[in-house]
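Please read the following alongside the sequence and the coordinates. The paragraphs go from confidence and domains to one helix pair and then to some backbone details.

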Amino acid sequence: MRNKILMLYAVSFVLGIIVGLVGSTFRLSIDVLSHLLDNLFLFLGDHGWPSGVISGLVSMVLVYAAYFAVKRFAPQASGSGVPEIEGTLLHLKTIFWRRLLPVKFFFGILALSVKMILGREGPTIHIGGSLGEMLGGLFNLTRRRKDSLIAAGAAAGLAVAFNAPLAGVLFVMEEMRNQFNYSFTSFSMVVICCITATVILDLMIGPQATIPMDVFEFPQLDSLWLFAIFGIVVGFVGLLFNLSLIRTLGFLDKLTSKQKSCYVLIVGFVIGYLAVHHPAAVGGGMDIIHQALTLSPGFGFLCFLLVVRFIGTMACYGTSVPGGIFAPILSLGTLLGLAMFHILEVLHIDFLTQPGMFAIAGMAALFASSTRSPITGAVLVVEMTHNYYLIFPVMMACITATIVLQLAPNGPIYEQLLDRTLRLNDKKTPSPQKTS
């Protein structure tokens, strides 16, 4: 028994190394290709070429290539991948990692490099979980232990995407609470995998914060109620986000194959065009978060970006190319938090708080409300920004935002996405009964 447990920990360690290497390479590849494309379009624009149109055409081709690869070779590779992992842990779906991994990795790089409003974390989580399935098969583990490796790989994928190992562990504990097999051995496998993957990331990229910003002191006690009220506001935005995403996907599911192809081409072109002329409106979200925190844009511009990026997230996720919704949600939360601070300033009730505090609370609360994971949302954001002193006000915003979704009622977004996937599969083949 002791030898079996040690072997599981050793496999988890190996999985952490692999996820760290693959996830870091995925992240670096997106940055490098995106930077090369930016320089190319800047060069063309400086020499009189219509850089916006050329960027739109290049984006259109790359996005459609990702869409075609997903549709033709690995339908499981579409979108975030988190619902696929949850479905696998519920034994409702199967990971075909031989087809999924190359499509999710290479075509995810193409789609995300052209500034689609999607995040790298979804593909990284899916890749990590798929690598767990792969290692479980190679070592001929039982289904129960394979599931533990899938969960560990998925957690490590989140840790690598955001340099947030603790959030990776909590993501499995909270978001996948209905699917994860709780035991000390399984929990230890997740922790080992997350820590190892993060160490590899730090060796390859460096231990810097994912979102560099000022580190704030604990806010005044008489201002804490503002974060609770802000959480309620964010909760309604999270409800709108969930409803809009599901309804958008439901509408797109009714399109014919030709109509869907035209839709993907149009979205790809628009995103590429905006990447040159309005870069703040597109991209996964990390850049706009940094810009919004450092440049302090006006209230009108914040609202404009909030609306455009909200609609853009729905449109981009509807293309079915590899990409997650974590980062877009975080960017929307940032914009919402900064807009809220502007309103408080006008009303003279800011209590010496700073705009960055509400930006951090907005990131965490919007993620928490949409996914119904308040602890993960709070820890994820403070790890990404290194603002550990704000954990208490951020938690207040997260819990009130989550309560709004609970009372709505509206299920976690990944649960709704999984249900949609299963319904679509039911049209072709009968699916097994869902276990409680």
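What is the mean pLDDT of the protein, and what share of its residues reach 70 or more? The mean is 90, and 96% of the residues reach 70 or more, where pLDDT is the predictor's confidence in each residue, from 0 to 100. Over residues 430–436 the pLDDT is below 50. Beyond near neighbours in sequence, this stretch has 8 contacts in the model, a contact meaning heavy atoms within 4.5 Å. The model is predicted, and local features need pLDDT of at least 70, while side-chain atom pairs count only at pLDDT 80 or more and totals for chains, interfaces and linings use all residues. Residues are numbered from 1 along each chain as its sequence is written, and side-chain values use heavy atoms, with hydrogens and water left out.

The domain assignment gives domain 1 (1–205) and domain 2 (221–418); such bounds come from an automatic or database domain assignment. The centres of domain 1 and domain 2, taken over C-alpha atoms, are separated by 21 Å. To the contact between them, domain 1 gives 53 residues and domain 2 gives 49 residues.

Two packed helices are described by the angle between their axes and the distance between the axes. Helices here are DSSP runs (H or I, at least four residues), numbered from the N terminus. Helix 10 (residues 257–277) and helix 12 (residues 299–317) have axes that come within 10 Å and cross at roughly 140 degrees. Axes are lines fitted to C-alpha atoms, for helices over the stretch in contact, and angles run from 0 to 180 degrees between N-to-C directions. Helix 10 and helix 12 are therefore oblique to each other; angles under 35 degrees count as roughly parallel, over 145 as roughly antiparallel, 65 to 115 as roughly perpendicular and the rest as oblique. Tyr-263, Val-267 and Ile-271 of helix 10 make the contact with Met-314, Ala-315 and Cys-316 of helix 12. These residues divide into 6 nonpolar, no polar and no charged, with Ala, Val, Leu, Ile, Met, Phe, Trp, Tyr, Cys and Pro counted as nonpolar, Asp, Glu, Lys and Arg as charged, and the others, Gly among them, as polar.

Some backbone details sit in loops. Ser-320, in the loop between helix 12 and helix 13 (326–347), has a positive phi of about 70 degrees although it is not a glycine. His-386 is not a glycine either, and has a positive phi of about 65 degrees; His-386 lies in the loop between helix 15 (374–385) and helix 16. Pro-409 is found in the loop between helix 16 (391–407) and helix 17 (413–426). A cis peptide bond, with omega about -15 degrees, joins Ala-408 and Pro-409.

Notes: Helices (H or I, at least four residues) and strands (E, at least two) are DSSP runs, numbered from the N terminus.
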